[in-house]
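Trainee: Please take a close look at one part for me. I would like to go through the salt bridges.

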Amino acid sequence: MTEDLADAVRDALAVDVEAFEAQAREDAEVVKAELREGTFDNHQSIVGLEYEFYAVADGRWAASDDADVYALMRVPRRLLDLIGFEKELGLHNAEMTTSPQPLNPDGLRAQESEVRARLGAALDCTGAEGIRLVSDGLWTIPPAGETAREYLTDSVEADGVRIATNMSGSVRYHAMANGPTAPEEMTVDAPNVSLSADTVMPESLITSIQPHYQVAHAADLPTYFNYALRVAGPLLALGVNSPFFPPDLYDDVGAQKILTDGYAENRILVFESVLNTGDVEKVTFPEDLEHVEQAVDRVVDDETVVPMPVPEGNRFDDEFATLRRKHGTYWRWVRPVFDGASRSSANARIEFRPIAAQPTVRDSIAFQATFAGLMESLPRRQHPATSQSWSTARENFYAAMREGLDSGQRWICNDGAETIDVDAVYDDIFAHAVDGLTAAGCSEDEAERYVSPLRARVERETTPADWKVERVREYLADGDDFADAVAEMQRDYVRKQRETFLDGSFADWL
């Protein structure tokens, strides 16, 4: 298997970069022509969700000691096929993608029901194998008998090709470590953390949810996109859920310094620092869009790290298959997408990527619905949020990464006045989310139900990251060392999730 993967990596690296780039430019003209023809227009907004998980040991085999409880586990590929989930970067990862649905009450209920139904069935199936899927921002307990550093850096060389031992068989990820422009090391850059690897495997520390919002008229995508950039910081501040790394990755600086210097959402740092190398920024907070064709041009102009082979096909989006392939490594925290298997299903959508996987299904759906509601309401109401400078929106985003709800988010309210008052910021945001959901056909009560898990975080002044930090502080106060305190917090997180995953919310933890 390793030899076959190495051969596939060599095939990828043999693709002529100039020819690949030239074809991507030709494909871009195809997309622009279809945009002008209205092919990507639809009569209504549509929503979807990508939901990532990692797997932990769940008790089928007796743990040798407490250190093995809820330790990271590799998921057999046959099991992924059985539960209908997709592989992600690491062997411990699994991903669910929902079926796109119209943004209306039935569509939103269908999204939540599909997640709960498929996840419930998957948990039953994996439980029989002693495995539990966890929804979280960043894992902290490594596999039994291994350190996190060993797991993330282990690799082999097959005829000159470097293969990460614990990475899924994704050619593009393996190829990134073997191309002519690949750095010698890929490094996680976070406070008091030291981790370098010769592959992109450190990115497998993190998991996320990615709400999708498909716009009705493709020409309007820049308007929605620019609003999405303004809500990115405030929504990230609510969703922070990765304040800790596996303890063996920290420098020997002491628990208090780690707590003082630590960030609320280290997932952002991991993704950016591992995949951004030298002068090439593959993961960034994107700039505003002026027109829809600019979104296509940005994919074309993005640095090509690995020009992958493109198979021929008969789908509509095979007419711009090279551009789609290039888009696969066009990582932005808010990302425009143009695709569709047929002309009738062609769509222009926004992928909202800042939010870590959340404690419960209801919390994840709350972010999906709140984002969709905002996308419905803010442009329709001509909300003044986009009069805020792009640089402020970017500052909000990285401030949220560092400090969550304590980050002093700057928001322009409906009356045009800027505020950093937390209650005023979120009263305005939630009011417009509810407005957008009711405009889509939800009752007031139903719209409030979708938003309420996030409203509770503001009212209780507590995010999942805050909950984790408080647990660690309590264990330290009880005399545990830092590594044990983080491990016990993580076990508490999984136990709480078991009780509330499908039917409760993070508010039940508080």
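Mentor: Here is a walk through the salt bridges, pair by pair. This is a predicted model, where local features need pLDDT of at least 70, side-chain atom pairs count only at pLDDT 80 or more, and totals for chains, interfaces and linings use all residues. Residues are numbered from 1 along each chain as its sequence is written, and side-chain values use heavy atoms, with hydrogens and water left out.

A search of the whole structure finds 37 salt bridges. The term stands for a side-chain nitrogen of Lys or Arg within 4 Å of a carboxyl oxygen of Asp or Glu.

Start with E446 and R109. Their closest N and O atoms are 2.6 Å apart. Helices here are DSSP runs (H or I, at least four residues), numbered from the N terminus. E446 counts as buried, at 17% relative accessibility. R109 is partly exposed at 36%. The cut-offs are under 20% relative accessible area for buried, over 50% for exposed, and partly exposed in between (1.4 Å probe, protein chains only).

Now take E112 and R449. Their side chains form a salt bridge at 3.1 Å, N to O. E112 belongs to helix α4 and R449 to helix α15, so this pair ties together parts that are 337 residues apart in sequence. E112 is buried, with a relative accessible area of 9%. R449 is partly exposed at 33%.

Next come K32 and D297. They meet at 2.5 Å, N to O. K32 sits in helix α2 (residues 17-37) and D297 in helix α10 (residues 292-301), so the bridge ties together parts 265 residues apart in sequence. K32 is buried, at 8% relative accessibility. D297 is partly exposed, at 26%.

There is also a network. Salt bridges link R335, D339, R349, E351 and R353.

What about disulfides? The structure holds zero of them, a disulfide being a pair of cysteine sulfur atoms within 2.5 Å. C442 is buried at 5%.

Terms used. Helix = DSSP H or I, 4+ residues; strand = E, 2+ residues; numbered from the N terminus.
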